Amino acid sequence: MEQMNILVTLDKNYIPPLRVLLYSMVRSDPQTHFVVYVAHSSLTDEDFAEIRRGIAEAQCTICSVPVEADVLGDAPVLRRLSKETYYRLLAASYLPKEVDRVLYIDPDVCVIRPLTAFYNMDLQGKLMAGAGHVNRFLRWVNFKRLHIRRNEDYINAGILLMDISKLRALDNTQDILDYVAHNSRKLLLGDQDVINAYYDGELLRLDARIYNLDEKFYARCQKHGDIDLDWVAQNTVLIHYNGSRKPWRADYDGQLGDYYYTFRDELEALSGVPYEKN
């Protein structure tokens, strides 16, 4: 069985969707053993017991990775962006030495096809691979405000394939901390801005329809006749419920929520308890 390293960062509020992510991962890729590193600054043993509930231990090992809460004291925190999201920036400094590659995934993601081909892809000498959602105008705006000159796209940081060996060799943890401190006023999108600007020219651009499909991008592609729900079922690997469109909210109005609901209901049936404690 192949082993795959996964990294997630979160606080307690995102435990329910994280459980759905983990279940979708093992459900969609039964031939892989996942080692999931959970970087956090506040989760308890009880929280980890909840995270593991209903997830097959033989297929998914969950490892707690505590991070000092004040490690990024100057980082700007937005309404939908906690300090924990910044922890992916420092992954090379706290992941075990034997980890040479990791797939970072936000907890508000569902995996609907096997991850193996994505995880093993050639990074072509780049440090990370990710996909962008913004249109041409917003890409230009982001490039101008962050002085980006070499990247092909403004990458969404919610799903990143990371070459940890190369990142570790840079030994740039303090430099990243300094960059965040010195540029906090212009980091409108937090650590996502840091990744796109600090690693200018070191990001491999991926197809968002396959590797990071969100509701807005799906609607835009559907309007232009590029994809439909059948295309998604046959080609997409990861669906990202980013922004305000969360399928666990009462006001959800997206088109991709059925995947989340299916995995959630299966997980609830397996665990024998409600998906959320409340």
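**Figure 1. Packing of helix H1 against helix H12 (residues 257-271) in a predicted model.** The axes of H1 and H12 cross at roughly 90° and come within 9 Å; axes are lines fitted to C-alpha atoms, for helices over the stretch in contact, and angles run from 0 to 180 degrees between N-to-C directions. H1 is therefore roughly perpendicular to H12, where angles of 65 to 115 degrees count as roughly perpendicular, under 35 as roughly parallel, over 145 as roughly antiparallel and the rest as oblique. Helices are DSSP runs (H or I, at least four residues), as are strands (E, at least two), and both are numbered from the N terminus. From H1, Pro 17, Arg 19, Val 20, Tyr 23, Ser 24, Arg 27 and Ser 28 meet Tyr 260, Phe 263, Arg 264, Glu 266, Leu 267, Leu 270 and Ser 271 of H12, contact meaning heavy atoms within 4.5 Å. The residues of this contact of H1 with H12 divide into seven nonpolar, three polar and four charged; Ala, Val, Leu, Ile, Met, Phe, Trp, Tyr, Cys and Pro count as nonpolar, Asp, Glu, Lys and Arg as charged, and the others, Gly among them, as polar.

Residues are numbered from 1 along each chain as its sequence is written. As the model is predicted, local features need pLDDT of at least 70 and side-chain atom pairs count only at pLDDT 80 or more, while totals for chains, interfaces and linings use all residues; side-chain values use heavy atoms, with hydrogens and water left out.

**Figure 2. Packing of helix H1 (residues 15-28) against helix H2 (residues 45-52).** The axes of H1 and H2 are 9 Å apart, and the packing angle is about 40°. H1 and H2 are therefore oblique to each other. Ile 15, Leu 18, Arg 19 and Leu 22 of H1 make the contact with Asp 47, Glu 50 and Ile 51 of H2. Of the residues in the contact of H1 with H2, four are nonpolar, none is polar and three are charged.

Figure 3. Not counting residues up to four places away in sequence, Ser 24 touches Val 109, Cys 110, Val 111 and Phe 263.

**Figure 4. Asn 212 in the loop between helix H9 (208-211) and helix H10 (215-223).** Asn 212 is buried, at a relative accessible area of 0%. The side chains of Asn 212 and Asn 156 are joined by a polar contact of 3.0 Å, that is, a pair of N or O atoms within 3.5 Å; within protein, one must be able to donate a hydrogen and the other to accept it, and residues adjacent in sequence count only if both atoms are side-chain atoms. Apart from residues up to four places away in sequence, Asn 212 touches Ala 131, His 133, Asn 156, Ile 159, Asp 207, Leu 238 and His 240.

**Figure 5. Val 194 in helix H8 (residues 191-198).** Val 194 is buried, with a relative accessible area of 0%.

**Figure 6. Positive phi at Gln 124 and His 147.** Gln 124, with phi near 55°, lies in the loop between helix H4 (116-119) and strand S6 (128-131). Gln 124 is exposed, with a relative accessible area of 57%. His 147, with phi of about 60°, lies in the loop between helix H5 (136-146) and strand S7 (159-163). His 147 counts as partly exposed, at 49% relative accessibility.

Conventions. Buried < 20%, exposed > 50% of the residue type's maximum accessible area, 1.4 Å probe, protein only.
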